[in-house]
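Here are my notes on this one, as numbered points. Have the viewer open as you go through them.

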Amino acid sequence: MTISTGDSVTIEYTARTGDGTIFDTSRQSIATKAGLTETQPDREYEAFTFEVGGGMVIEGLDEALIGLEEGARSTVTVSPKRAYGEWKQSRVREYDADNVEIAGGTIEKGSRVKSDDGTVAKITHAGPDTVRVDHNNPLAGNTVQFEVEIVSVTTA
């Protein structure tokens, strides 16, 4: 049976940036080798189940699964536009330093802040008067590659 929009699929995966850096995986052994378990010690690494076309994964991966079958293995390369978006200068904003707060942290270059919409942004400049915050996704502008194994498929 081939995967169609609306089907529930369970996959094992490893995701890399264009330079080969692993930034996400469902496999504990790969996460350990890549150092991900050190930065995310409470995360459970396990197969991921989602509805194809339901918006739970990036568009390029979602579309690449259509037509694959249970048990298939595939390497999928996704352009920035169909992954985490292009990096945009317009998403870098300056704020009055008095209006930026970090819960339990210090306002300094490299710190992460939570935006009003719940997304996490990175401080790229922290001066006495202004703070510059990059609201782009950390993976924006990157071509990403997924190694995917289709563990199971349940038709809609």
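1. A definition to begin with: buried means under 20% relative accessible area, exposed means over 50%, and partly exposed is in between (1.4 Å probe, protein chains only). At 41% relative accessibility, Ile66 therefore counts as partly exposed. Ile66 sits in the loop between α3 and β4; helices (H or I, at least four residues) and strands (E, at least two) are DSSP runs, numbered from the N terminus. Setting aside neighbours within four places in sequence, the contacts of Ile66 (heavy atoms within 4.5 Å) are Ile3, Thr5 and Val52. With Thr5, the C-alpha to C-alpha distance is 6.9 Å, at 61 residues apart in sequence.

2. Some ground rules. This is a predicted model, where local features need pLDDT of at least 70 and side-chain atom pairs count only at pLDDT 80 or more, while totals for chains, interfaces and linings use all residues. Residues are numbered from 1 along each chain as its sequence is written, and side-chain values use heavy atoms, with hydrogens and water left out.

3. Now the overall layout. The chain has three helices and nine strands, in the order β-β-α-α-β-α-β-β-β-β-β-β along the sequence. Its C-alpha atoms fill a box of roughly 60 × 30 × 30 Å along the principal axes. Of the 156 residues, 35% are buried. Among contacts with a separation of 6 or more, 62% are between residues 24 or more positions apart.

4. Which residues touch the most other members of the largest nonpolar core? They are Val9, Leu65 and Phe146, out of 21 residues in that core. The term stands for a set of buried Ala, Val, Leu, Ile, Met, Phe, Trp, Tyr and Cys residues joined through side-chain atoms within 4.5 Å. Two or more residues each come from β1 (8-17), α3 (59-65), β4 (73-78) and β9 (144-154), and β9 gives the most, with five. In soluble globular proteins, nonpolar side chains tend to be buried together.

5. Leu65 deserves a click. Beyond its neighbours within four places in sequence, Leu65 is in contact with Ile3, Val9, Phe50, Val148 and Ile150. Another core lies apart from the largest one; it has eight residues, including Val100, Ala121, Ile123 and Val131.

6. On to pockets. The search runs on a 1 Å grid over the protein atoms alone: a pocket is an open set of points where a 1.4 Å probe fits, with protein on both sides within 12 Å along at least five of seven lines, and lining residues have an atom within 4 Å of a point. Grid points are joined across faces, edges and corners, and a volume is the space filled by probe spheres set on the points. The largest pocket comes out at about 330 Å³. Of its 14 lining residues, Tyr95, Lys114, Ser115, Asp116 and His135 are the closest to the centre. β5 (92-96) and β6 (112-114) each supply at least two lining residues.

7. How does the lining of the largest pocket divide by class? There are four nonpolar, four polar and six charged residues. Here Ala, Val, Leu, Ile, Met, Phe, Trp, Tyr, Cys and Pro count as nonpolar, Asp, Glu, Lys and Arg as charged, and the others, Gly among them, as polar. The second largest pocket, at about 160 Å³, has nine nonpolar, no polar and one charged residue in its lining. Ile11, Tyr13, Phe23, Asp24 and Phe146 are among the residues lining that second pocket, and β1 and β2 (22-25) each supply at least two.

8. Last, the salt bridges (a side-chain nitrogen of Lys or Arg within 4 Å of a carboxyl oxygen of Asp or Glu). The structure holds seven. Arg16 pairs with Glu147, closest N and O atoms 2.7 Å apart, linking strand β1 to strand β9 across 131 residues. Asp24 pairs with Arg43 at 2.6 Å; Asp24 is in strand β2 and Arg43 in the loop between α2 (36-39) and β3 (48-51), so the pair ties together parts 19 residues apart in sequence. For Arg82 and Glu63, the closest N and O atoms are 2.1 Å apart. Arg27, Arg73 and Glu149 are linked in a network of salt bridges.
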